[in-house]
Amino acid sequence: MNAELIDLLELVAKHHEVATMATKAMPLMVEYLGADNGSLLLLSQERVVHKVLATKETFTQVSDHKVRTVIAEGLAGWALQHRQGGLASNTSLDARWTSMGDASIGSALVVPLLSRNAVIGLLSFHHAKPGFLRERHLARAAELAQLIAPMFDVALTAEASLETLSHICRSASQPSVLLDWHGNVRVVNLAMKTLDIVWSPGQFSQSLLQRELGVDTVVQCDWEGLRALKTLPFEAQSFPFSGVGVWIQLSSR
């Protein structure tokens, strides 16, 4: 494994939120392949949940409709259906190629991100020159996809778990707050808002709740049973979800 690839993987591993991972990594992946631009579509049950389109220096936007068209009819759709990489060395001669609006793409490739026997993403690279992207680029992209797929799978799973916990937290009748594993306050339900001791968006470390609980970090929110708050007439129960976050619920003493 070369140094350039190691640096890229270390960058991906350093971040934990899916959108940040994709945004930070995509320009470097484009450079690694020697492409003009590229895209990363992250999927949940074949539905796009994140998309990043980038050159080495800039990011671009594309409509959801165009993305759906490419997945249904284009080279990306072929890669998704066949669960293998696809190469269009000359896009004008390849029936699988469907443009997302950039007529200057002469060659393209798409590789799937496979994890736990499912396609969790599609990684694409493009170049203006027909014939530029070849089998060696496809092999390099396939190796990259194989290495980053588990990292993105973990991040997507954590994101989905946080979303589920967010719904539960919002609907709870008792004062409740959901923190992610990095100390960000993700959800403060209505009952907790009335106490005005923790705020979203915000950091747990900057909240009154942290002082009331007598802890320094989210990792320490793993006590068993009920924990009395220092000055307020409440007890707290903690529900930690390792690698995802912590749900804290209060009840009156």
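## Asp 153 in its helix

In this predicted model, Asp 153 has its place in helix α5. Because its relative accessibility is 7%, below the 20% limit for a buried residue, Asp 153 counts as buried. When residues up to four places away in sequence are left out, Asp 153 touches Ser 115, Arg 116 and Ile 120.

## The nonpolar cores

The largest nonpolar core is made up of 35 residues, and those with the most contacts inside it are Met 29, Leu 113, Leu 123, Phe 125, Leu 144 and Phe 152. Two or more residues of this core are given by each of the helices α1 (3-14), α2 (18-33) and α5 (135-171), and likewise by each of the strands β1 (37-44), β2 (47-55), β5 (107-115) and β6 (118-127).

Another core lies apart from the largest one and has 20 residues, including Val 185, Cys 221, Val 246 and Leu 250.

## The largest pocket

The largest pocket holds about 770 Å³ of space. It is lined by 35 residues, of which Ala 155, Leu 156, Thr 157, Ala 158 and Glu 159 are the closest to its centre. The elements that give two or more residues to this lining are α1, α2, β1, β2, β6 and α5, and the largest share, 12 residues, comes from α5.

Sorted by class, the lining of the largest pocket comprises 18 nonpolar residues, together with nine polar and eight charged ones.

Technical notes
Residues are numbered from 1 along each chain as its sequence is written. This is a predicted model: local features need pLDDT of at least 70, side-chain atom pairs count only at pLDDT 80 or more; totals for chains, interfaces and linings use all residues. Side-chain values use heavy atoms; hydrogens and water are left out. A nonpolar core is a set of buried Ala, Val, Leu, Ile, Met, Phe, Trp, Tyr and Cys residues joined through side-chain atoms within 4.5 Å. Buried means under 20% relative accessible area, exposed over 50%, partly exposed in between (1.4 Å probe, protein chains only). Helices (H or I, at least four residues) and strands (E, at least two) are DSSP runs, numbered from the N terminus. On a 1 Å grid over the protein atoms alone, a cavity is a set of points where a 1.4 Å probe fits but cannot get out, and a pocket is an open set with protein on both sides within 12 Å along at least five of seven lines; lining residues have an atom within 4 Å of a point. Grid points are joined across faces, edges and corners, and a volume is the space filled by probe spheres set on the points. Ala, Val, Leu, Ile, Met, Phe, Trp, Tyr, Cys and Pro count as nonpolar, Asp, Glu, Lys and Arg as charged, and the others, Gly among them, as polar. Contact means heavy atoms within 4.5 Å.
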